[in-house]
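Me: Please take a close look at the backbone geometry of one loop, and go on from there to the pocket and cavity linings. Give the cut-offs behind each term as it comes up.

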Amino acid sequence: MTLHQTNPAQAQPVVEGLTHEVAEFVVGTSYADLPAEVVELGKKSILDGIGLALSGSVAKSGEHIQAYLKGLGINEGPATVIGTSLKVPTRFAAFANGVGIHADDYDDTQLAVAKDRVYGLLTHPTAPALPAALAVAEADGRSGPDMMLAYHLGVEVECKIAEAINPRHYQHGFHATATCGTYAAAAAAGKLKGLDAEQMVRAFGCAGSQSAGLRENFGTMMKPFHAGRSSESGVVAADFAALGWTTTDKILEAPRGFFQAAGGGFDPTAIVGKLGQPWTFAFPGVSIKPHPSGSLTHPGMTKMLELIRTHSIRAEDVERVDVGTNQNMPNALIHHRPKNELQAKFSMEFCMAILLLDGRGSLPEFTDETVERADVKAVIERVNFHVHPEAEAAGYDKMTTIIDIHMKDGRTLSGRSDFGKGSPANPMSYDEAADKFRGCAEFARWDKAKTEAIVETVRRLEQVGDIRELTRLCA
């Protein structure tokens with residue numbers, strides 16, 4: 001791989017062989033190359049992803065996906081649609097489970113290294129990578145370590161591509177989970193299928209032309225559709241590469257390739273020589289969400305819960321709540337008076353109101369019925385979501401949120417948080433992640449014995465000889 005000086009016509013470094021470098025990393029990495037710390041961190045996100053697929057299976061979007069698959073007449077296949085009795089071809093299991101994991105916007109998020117990355121976030125890494133890895137591994141009866149390796153390779157490729165692409169990619173409307181996630185799924189599926197380096201290059205070429213997803217659809221069912229389609233597209237890409245399908249061999253770096261077309265360029269130093277150096281799970285890390293809402297609400301929700309519990313705050317005693325952030329955060333948290341659960345996930349006002357009223361913000365609180373409650377609407381009117389100069393000065397690489405609760409007795413209770421619970425700065429333990437998993441399983445009315453068996457199977461996943469030991473518990 002060669003890095004040349006900037007091409008004046010494009011004002012962009014010319015990088016030769018980048019797609020090959022990524023492919024060779026995927027093909028040449030073994031399970032033994034995964035640091036023990038990364039394996040353990042990954043288990044939490046794998047367990048989290050399975051739990052979210054369970055809860056996503058009973059979401060409205062899950063009902064539609066299952067009806068769609070049944071309508072296709074493809075109710076026979078080797079891969080499990082988690083939370084259902086459906087067994088379908090691998091691509092459709094990847095699609096359904098990807099939608100399920102992202103259905104409630106409750107899945108993990110990648111932290112960024114570069115300071116110019118808006119919010120300090122880039123993608124939801126597990127939603128595209130895990131369904132592809134799980135479906136292909138189940139179809140072939142691969143081991144727990146095989147599946148984990150494929151998953152980690154997918155996450156690493158996705159995250160480093162997201163880190164490298166110009167911030168314009170996200171700022172101008174692309175959904176990075178959808179676009180970069182397609183490469184994650186191609187890497188995971190291709191690794192399990194035993195593609196060689198040239199085939200992996202072609203899998204990426206196929207993935208690049210399927211890479212899509214627009215942020216304008218945030219707050220609708222299309223957002224989780226993005227994650228499912230990216231996972232499915234990666235499986236399709238690996239399948240076609242294995243057949244001998246031809247593509248460009250420079251989909252990432254070419255002047256008309258992914259980085260230039262979708263972002264107007266990229267930072268080669270964020271990806272060249274950086275795959276696995278360090279692994280993203282090790283640094284800067286991946287956050288597991290404590291609430292089923294947009295990540296940007298979580299620092300504020302973490303601080304609000306802390307203030308509520310410390311001062312025994314009741315909604316009826318609150319005059320007004322000021323929530324201050326940088327100017328980019330309101331560009332994503334766009335629903336100030338939400339009309340349904342999907343909009344509520346991107347409403348800072350709703351998230352503050354429900355914590356004041358119910359003392360928690362979990363799956364049962366994010367429903368259409370809750371959004372329509374008169375008391376919720378009344379408290380929302382008392383939440384002032386605005387741009388705060390201190391949060392603005394903190395930089396866009398953080399999600400700095402400043403809370404000022406003005407009490408009717410004249411007191412003002414205040415706090416600041418840059419990151420929420422579940423972030424690398426305030427991580428969940430495996431047992432805490434398991435508690436979140438149990439909540440998701442309970443929401444899906446999942447068998448308690450199966451629930452506990454899944455928790456323990458993922459805990460010892462490196463010892464599992466056939467991943468179907470796990471997927472049977474999810475069906």
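Reply:
**From the loop to the pocket**

Pro-284 lies in the loop between H11 and S6. The model is a predicted one, in which local features need pLDDT of at least 70 and side-chain atom pairs pLDDT 80 or more, while totals for chains, interfaces and linings use all residues. Residues are numbered from 1 along each chain as its sequence is written, and side-chain values use heavy atoms, with hydrogens and water left out.

The loop that holds Pro-278 runs between helix H11 (258-263) and strand S6 (286-287); helices (H or I, at least four residues) and strands (E, at least two) are DSSP runs numbered from the N terminus. Phe-283 and Pro-284 are joined by a cis peptide bond with omega of about 5°. Gln-277 and Pro-278 are likewise joined by a cis bond, with omega of about -5°. Most peptide bonds are trans, and most residues other than glycine have a negative phi. Ser-312, which is not a glycine, has a positive phi of about 50°; this residue is in the loop between H12 and strand S7 (318-325).

H12 contributes the most, four residues. The pocket holds about 340 Å³ of space and has 15 lining residues, with Pro-290, His-291, Leu-305, Arg-309 and Lys-421 nearest its centre. On a 1 Å grid over the protein atoms alone, a pocket is an open set of points with protein on both sides within 12 Å along at least five of seven lines, a cavity is a set where a 1.4 Å probe fits but cannot get out, and lining residues have an atom within 4 Å of a point. Points are joined across faces, edges and corners, and a volume is the space filled by probe spheres set on them. The pocket lining comprises seven charged, four polar and four nonpolar residues; Asp, Glu, Lys and Arg count as charged, Ala, Val, Leu, Ile, Met, Phe, Trp, Tyr, Cys and Pro as nonpolar, and the others, Gly among them, as polar.

Five cavities of 30 Å³ or more are found in the whole structure.
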